[in-house]
Amino acid sequence: MADETNQLRVRLVTPERVLFEADAAAVELPSKSGYMEVLFGHAPLMAELGAGDVTVHGASGDAGGAQGESRYNVSWG
């Protein structure tokens, strides 16, 4: 985690490669029981991902370097 900026480190990994890696303000994830949002300082948890969109908010390492929103579709996790 990047403690100085109050952002969390987000890394989306496929079996082939790292798809995305950046500091972000929040990330929304589809779990088997519904969507959840993770913010800086969130307690550790483990959940099975379901099908849906992973949305990364306020990412600093997006293509083009602009802060914004990145969305990735997942089919399972």
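Predicted model: local features only at pLDDT ≥ 70, side-chain atom pairs only at ≥ 80, totals over all residues.
Q: What makes up the secondary structure of the protein chain?
A: The protein chain has six strands and zero helices. From the N terminus on, the elements read β-β-β-β-β-β.

Q: Why is V54 called buried?
A: Buried means under 20% relative accessible area. V54 has 1%. V54 is therefore buried. This residue lies in strand β5.

Q: What does V54 touch, not counting residues up to four places away in sequence?
A: V54 touches L12, V27, E28, L29, P30, S70, R71, Y72 and V74. Contact here means heavy atoms within 4.5 Å. For L29 there is also a C-alpha value: the C-alpha atoms of V54 and L29 are separated by 4.9 Å, although the two are 25 residues apart along the chain.

Q: Why is D23 called buried, given that it is a charged residue?
A: The label rests on accessible area, and the cut-off is under 20%. D23 has a relative accessible area of 17%, so D23 counts as buried. D23 lies in strand β2.

Q: How do you know that the side chains of D23 and R9 make a polar contact?
A: A polar contact needs a pair of N or O atoms within 3.5 Å. The side chains of D23 and R9 make theirs at 3.1 Å. That value is therefore inside the limit.

Q: Why is N73 called exposed?
A: Exposed means over 50% relative accessible area. N73 has 62%, so N73 counts as exposed. This residue is found in strand β6.

Q: Which residues is N73 in contact with, leaving aside its neighbours within four places in sequence?
A: N73 is in contact with G52 and D53. With D53, the side chain of N73 makes a polar contact at 2.9 Å. The limit is 3.5 Å, so this pair qualifies.

Q: What makes the largest nonpolar core a core, and which members touch the most others?
A: A core joins buried nonpolar residues through side-chain atoms within 4.5 Å. The largest one has 13 residues. V10, F20, V27, V54, V56 and A59 touch the most other members. Strands β1 (8-13), β2 (18-24), β3 (26-31) and β5 (52-59) each supply at least two residues of this core. In soluble globular proteins, nonpolar side chains tend to be buried together.

Q: Which residues is V27 in contact with, leaving aside its neighbours within four places in sequence?
A: V27 is in contact with L8, V10, M36, E37, V38, V54, T55 and V56.

Q: How much of the protein chain counts as buried?
A: Of its 77 residues, 32% count as buried.

Q: What lines the largest pocket?
A: The lining has 30 residues, and R11, L12, V13, L29 and L49 lie nearest the pocket's centre. β1, β3, β4 (34-39) and β6 (68-74) each supply at least two lining residues. β1 gives the most, with six residues. The space in this pocket is about 900 Å³.

Q: How do the lining residues of the largest pocket divide into nonpolar, polar and charged?
A: The lining has 22 nonpolar, six polar and two charged residues.

Notes: Residues numbered from 1 in each chain as written. Heavy atoms only, no water. Buried < 20%, exposed > 50% of the residue type's maximum accessible area, 1.4 Å probe, protein only. Helix = DSSP H or I, 4+ residues; strand = E, 2+ residues; numbered from the N terminus. Polar contact = N/O pair within 3.5 Å; in protein donor to acceptor, adjacent residues only side chain to side chain. 1 Å grid on protein atoms, 1.4 Å probe; cavity = no way out; pocket = protein on both sides within 12 Å on 5 of 7 lines; lining within 4 Å. Points joined across faces, edges and corners; volume = space filled by probe spheres on them. Nonpolar A, V, L, I, M, F, W, Y, C, P; charged D, E, K, R; others polar.
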